[in-house]
Amino acid sequence: MKGFFTQKETESTTRPDGKVYSCHACGLHQGCKSPKMQPYGRFKEGILIVGGLLNKLEDTKGSPWQGPSGNLLKDQLKEMGIDLFRDCLSTSAMNCHVGDSKLDTPYQVASCRRFALELIKKYKPKVIILFGNLALSSLIGYRWKKDMGTISQWRGWVIPDQDHNAWICPMNHPDEVLKGDKELLTIWKSDLQRALDHKNNPCPKAKKPLIEYITDLNILKRIKSNVVAFDYETTGLKPHASGHRIVCASIAYNEYCAYAFMMPPSRTERQPFIDLLANNLIGKMAHNMKFEETWSTVKLRQTVNNWAFDSMQAAHVLDNRPGITGLKFQTYVRFGVIDYASEVSPYLKAVDSKNGNAINRIMELVEQPGGAEKLLEYCALDSIYEFRLAKLQMAEMNYELTPF
Ligand code: SF4
């Protein structure tokens, strides 16, 4: 029966998708000199380093970071006051040298992940540095249910990861830095320094959101905040084709609290919300405001008055790399909260992805036991994270909301 447990609650830790992940199934230990290489380093400064593939020299010597890229890392850390083997503990996304063995990278990284997870549990690192795409895939990939993209969109973030209670710092692998130009070296050094700067700061715990599920919208008249963030869940991307509707909405009135409600069928019942949209004295924020603006105008026949801030546009202004402006990405890299959406997001994808007017499967979710509650929670979290993100961005941009 659907609805009682989340996928995370029922998932096996050794067979998360039904496949067996073990050294026996992976098989790489059979073709190398130092099979299942042990973590290396005395971990004096509480820094865990995760590399990618072990090279031949490392396999021969039985320890990581041998050869030119290891030397680059050792020298650079030394300049920053860190001794690689005294202050850090090093492991790899794959703990056996591949050599001539058959490579099935995603499967082998998934098989080897459990060793890195055990290290985190045992040593409780303060900072975890992920070098390159394989390390990224090892420690973030299994929780990130969307397309991972590449290290270029992940590098440079210092993520207060809530699952591991540590700062996760992805950056380019030293191998790539050696092959790259001077600019890449400069970027890499600054990413490394930024990660090290956090080794004495405890990873902050994200404050639990408070969601009030309402059916009578009159409570919205009591909102005192001069700015709110709001969000819709709808039957599709664009509202114009027949059959489309706003299924539910949420309004965060500060960084922690939100109202969430299924959109009432009658205009009379919706009126307090419509009045809020029309209220010039309350600023409105959204993540990609053209979406909320269009749906409000078409389906509620009310434009949004006093748009105050769009956290998606601000994300682009602050960092113009492609693939980083989505709310889920920003919520993870800024607040360390990953995967609050994976149970709902499949229902929000249109069946015909090439048609902007296509209907998605949201009503299928709503009709399941517990489905409407899941949708409302998801919608409310979107508003709360939009609000938190906007506040953070405003502080970084030195931007103050101007009263209407
Ligand atoms: S790469 Fe990892 S999972 Fe595969 S055999 Fe070696 S230690 Fe085991």
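Residues are numbered from 1 along each chain as its sequence is written, and side-chain values use heavy atoms, with hydrogens and water left out. Because the model is predicted, local features need pLDDT of at least 70 and side-chain atom pairs count only at pLDDT 80 or more, while totals for chains, interfaces and linings use all residues.

**View 1. Asp161 and Arg143 form a salt bridge.** The structure holds 11 salt bridges (a side-chain nitrogen of Lys or Arg within 4 Å of a carboxyl oxygen of Asp or Glu). In this pair the closest N and O atoms are 2.9 Å apart. Asp161 belongs to strand 4 (residues 159–161), and Arg143 to the loop between helix 7 (132–141) and helix 8 (151–154), 18 residues apart. Helices (H or I, at least four residues) and strands (E, at least two) are DSSP runs, numbered from the N terminus. Both residues, Asp161 and Arg143, are buried, that is, under 20% relative accessible area, with exposed over 50% and partly exposed in between (1.4 Å probe, protein chains only).

**View 2. Lys328 pairs with Asp382 in a salt bridge.** The N to O distance is 3.0 Å. Lys328 lies in helix 14 (residues 327–335) and Asp382 in helix 17 (residues 371–397), so the bridge ties together parts 54 residues apart in sequence. Lys328 is buried at 15% relative accessible area, and Asp382 is buried at 4%.

**View 3. Arg334 and Glu396 meet in a salt bridge.** N and O are 2.8 Å apart. The pair links Arg334 in helix 14 with Glu396 in helix 17, 62 residues apart. Arg334 is buried, at 16% relative accessible area, whereas Glu396 is partly exposed, at 44%.
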